[in-house]
Amino acid sequence: KKAHAGAMAAYCVKTEHRYGRGLYATRCLDAGTQVLKEDPLVYSLSVGAAVCFSCISESRGSPLKKCLQCGSVVYCNKECQANHWPQHRLECMGLASMDEGTRANSLKMRLLVQAMYTHGVGGDMHSFDGNECRCPDVCEEIDSDLNGAEAIAHKSVPKLAPLNRDVGCDLLRKMMCNAFLIFTLPHRHIGEGIYLQGALLNHSCEPNCYYLFEGKSLVVKTLKKVKPGKQLFICYVNPLNPVEHNPGAIWCLYGFMPRCVHCNDVETDDVAQLEELTSLFDKKDWRGAIQHFKQPYKYRNVTSRIRAEQLHFMATWRLNEELGLPLCTKPVLSALDRYERLRRTHQYMSPWDMWFTMQELYSLLVIPLALQRVMAGAA
């Protein structure tokens, strides 16, 4: 057992047979407590991310300035560019030699270059031994990323030692199941990073923690009160989509068999019903989706019920929009209230709700509906 002194003893690292290594609360943590704030071991941002590649701040007033050599990364000022140069030098000329399509899909390659050629990183990533992607279908993808990483590194710094393909393959598999997608709010992916402490957080579909980013720093906070000695969990998949709760898929990608109730209790019939409902929704057959939802089928799994309620509500809203009806009709409000009540009862959303497929819903509907309700009450 190892306590973490940098977070006021909020957690310790402990190994248990059932979960392997994990983070455990060392004291009572109230909801909203910051448990962890960690800078990445290495990180790489997507080409086209509209943030400074050094301080991860967005343009405020003056436009961000491009690197003159590759034209692919941007900075606030010369100071930020100088701070980022030790990292960017490993990829600059490689990016300059790529076509636009390859450059746009180079994130994994560039992250691998940083992991391979940044001093000490490979050794630190030994902590992920035994926890790598086991999916047999990624071999071709890994080979392509290795070729791309090799080209980037040696076009940028020709004197670098040749890339060891066995080590590179091992690092890629570890990155696939341990890297975090870095995002800004509202939820917009801008890159990936390796966080040694954050990667120790285990998965649950009923998590007691959530995470977000301050710049490139990973911040983990509690969703609800956590008692001393309890393990800290985040959710690796979208808890509103039971189709993702497949133990085999999670084993392939993350290297473990999920033990939470919902991952091991996704009913085949539920998934079939949801796929049919989703198909109708994707075809914009709003009436068909609403009628399908009203069939006398009872979802066995709570995540299935929540997802079905969400699709029913959104189909009702879209149908009203298509017919030119007001927002606050009884079917829309009824579907919204039922969905929101179920969602909150099972705590499937963190305070930053847009993380779970809800950006469109909250920006286009919930806020306008709330305003209309306030205005109706005032009248």
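**Close-up 1. Helices H4 and H7 cross in the right-handed sense in this predicted model.** Let's start where these two helices meet. H4 and H7 (residues 165-178) pack at an angle of about 115°, and their axes lie 10 Å apart. From H4, the residues to look for are Lys-108, Leu-111, Leu-112, Ala-115 and Met-116. They meet Val-167, Gly-168, Leu-171, Leu-172, Met-175 and Met-176 of H7. Sorted by class, this contact has 9 nonpolar residues, along with 1 polar and 1 charged.

**Close-up 2. Helix H4 is mostly covered.** Stay with H4 for a moment, and follow it along residues 107-117. Of its 11 residues, 11 are buried. The buried set includes Leu-107, Met-109, Val-113 and Tyr-117. Lys-108, Arg-110 and Gln-114 also count among the buried residues of H4.

Close-up 3. The crossing of H6 and H7 is right-handed. On the H6 side, the contact is made by Cys-139, Glu-141, Ile-142, Asp-143, Asp-145, Leu-146, Asn-147 and Glu-150. H7 brings Arg-165, Gly-168, Cys-169, Leu-172, Arg-173 and Met-176 to this contact. By class, the residues divide into 6 nonpolar, 2 polar and 6 charged.

**Close-up 4. Three strands form an open sheet.** The order is E4-E12-E11, and the pairing is antiparallel. At the edges are E4 (34-38) and E11 (209-214), each of which pairs on one side only. From one strand to the next, the twist averages 20°. E4 and E12 (residues 217-222) are joined over 4 bridges in the antiparallel sense. To find your way into this pairing, pick out Glu-38, whose bridge partner in E12 is Leu-218.

**Close-up 5. The setting for these views is a protein with 13 helices and 13 strands.** Of its 379 residues, 49% count as buried. Its accessible surface comes to about 18,800 Å², and 53% of that belongs to carbon and sulfur atoms. Among contacts between residues at least 6 apart in sequence, 65% join residues at least 24 apart.

Note on methods. Residues numbered from 1 in each chain as written. Predicted model: local features only at pLDDT ≥ 70, side-chain atom pairs only at ≥ 80, totals over all residues. Heavy atoms only, no water. Pairing = 2+ DSSP bridges. Axes fitted to C-alpha atoms, helices over the stretch in contact; angles between N-to-C directions. Buried < 20%, exposed > 50% of the residue type's maximum accessible area, 1.4 Å probe, protein only. Contact = heavy atoms within 4.5 Å. Areas by Shrake-Rupley, 256 points an atom, 1.4 Å probe, with all protein chains shown as cover. Left-handed = near helix turned anticlockwise from the far one by under 90°. Nonpolar A, V, L, I, M, F, W, Y, C, P; charged D, E, K, R; others polar.
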